[in-house]
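Hi,

Here is the structure I promised to pass on.

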Amino acid sequence: TQLGLLTNLKALSLFNNKLEGKIPFELSDLTNLNSLFLDNNKLKGNVPYNLFISFHEIIDLRFKGNSDLTGTIPSFLKSMTNLSRLYLDGCQFTGSLPTEIGYLTSLTQLHLHKNDLEGSLPSELGSLKLVEELWLDNNRFRDGIPTELGMLTKMESLFLYRNELGTQKNNGVMVGIPTEIGLLFSSLKVLHLNANRIRGTIPTQLGLLTRLETLELDSNTLEGTVPDDLGTLSKLKEFTLFENRLTGIVPDSVCDLTDQTLQSGVLEKLATDCELECDCCTCF
């Protein structure tokens, strides 16, 4: 391709064009690119590894929505230290998330959902101090939620649903929600942990997340009772708990969040199992 001759090019946007075939190797010659948008086409095959090595100036890189793009996420991506937004969702990437992801300290948005990634989430994710959106859902990650995610104090949205994070590969032991999630009290608005085989109790520290608007914990194997501490989540609009093993009574403090006559009454959806005693819930 002659695109590789445009060596002074700063931005290349070819999204939503029904482009077919493989990503050309020659794109790696565009070393001055700040942004590359190839999303929502019909591209296929492996992403040339040299792209991840050559793009030292890249800030925004988007391959999302190319359902036939394959291969692994290479460790070479650590050279893209200026990268702010990385969208690789809706492809067929396999393998693990490399620990070198921790070198991308300029990242604000990381979208890797709807792939076939597996293995443990690296603790190095805790180095992404500027990240605001972390989308890792709809993969096959396991071995627990890294406690280091509690260090991402600018994060507003955390999507981890539809993985296997509650299961540890070596011994099959089920693991729970780390209390460190409560450290995200100054920023977190959306938390999706549903459909992960997570076990244990709901940490009372979730009650510290007073900016939270959506909390989805359904379709796990959570036990115990619903903490009264969650009644402090005055901005909560959606809260799902169904398909767990919770028992007892949903606290009045939580039900008060659904009362539109109260100042805190903004909770529009509170979905639980019918086994829980609750006068304000929609049960399944």
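**What I found**

The protein exposes about 12700 Å², and carbon and sulfur atoms supply 47% of that; the areas come from the Shrake-Rupley method with a 1.4 Å probe, and for residues only the protein chains shown count as cover. Before you go further: this is a predicted model, so local features need pLDDT of at least 70 and side-chain atom pairs count only at pLDDT 80 or more, while totals for chains, interfaces and linings use all residues. Residues are numbered from 1 along each chain as its sequence is written, and side-chain values use heavy atoms, with hydrogens and water left out.

Now the overall picture. The protein holds two helices and 21 strands (DSSP runs numbered from the N terminus: helices are H or I with at least four residues, strands are E with at least two). Its C-alpha trace spans about 65 × 45 × 35 Å along the principal axes. Of the contacts (heavy atoms within 4.5 Å) with a separation of 6 or more, 55% are between residues 24 or more positions apart.

The residue I'd look at is N163. You'll find N163 in the loop between β13 (157-159) and β14 (190-192). Although it sits in a loop, N163 is buried, with a relative accessible area of 5%. Leaving aside residues up to four places away in sequence, N163 touches L136, D137, N138, N139, R140, F141, A195 and N196. The N163 side chain also reaches the backbone nitrogen of F141 at 3.1 Å, a polar contact (a pair of N or O atoms within 3.5 Å; within protein, one must be able to donate a hydrogen and the other to accept it, and residues adjacent in sequence count only if both atoms are side-chain atoms).

One of the residues N163 touches is N138, in the loop between β11 (133-135) and β12 (140-142). N138 has a positive phi, near 55 degrees, and is not a glycine. R197, also not a glycine, has a positive phi of about 65 degrees. R197 lies in the loop between β14 and β15 (199-200) and counts as partly exposed, at 46% relative accessibility.

Cheers

Note on methods:
Buried means under 20% relative accessible area, exposed over 50%, partly exposed in between (1.4 Å probe, protein chains only).
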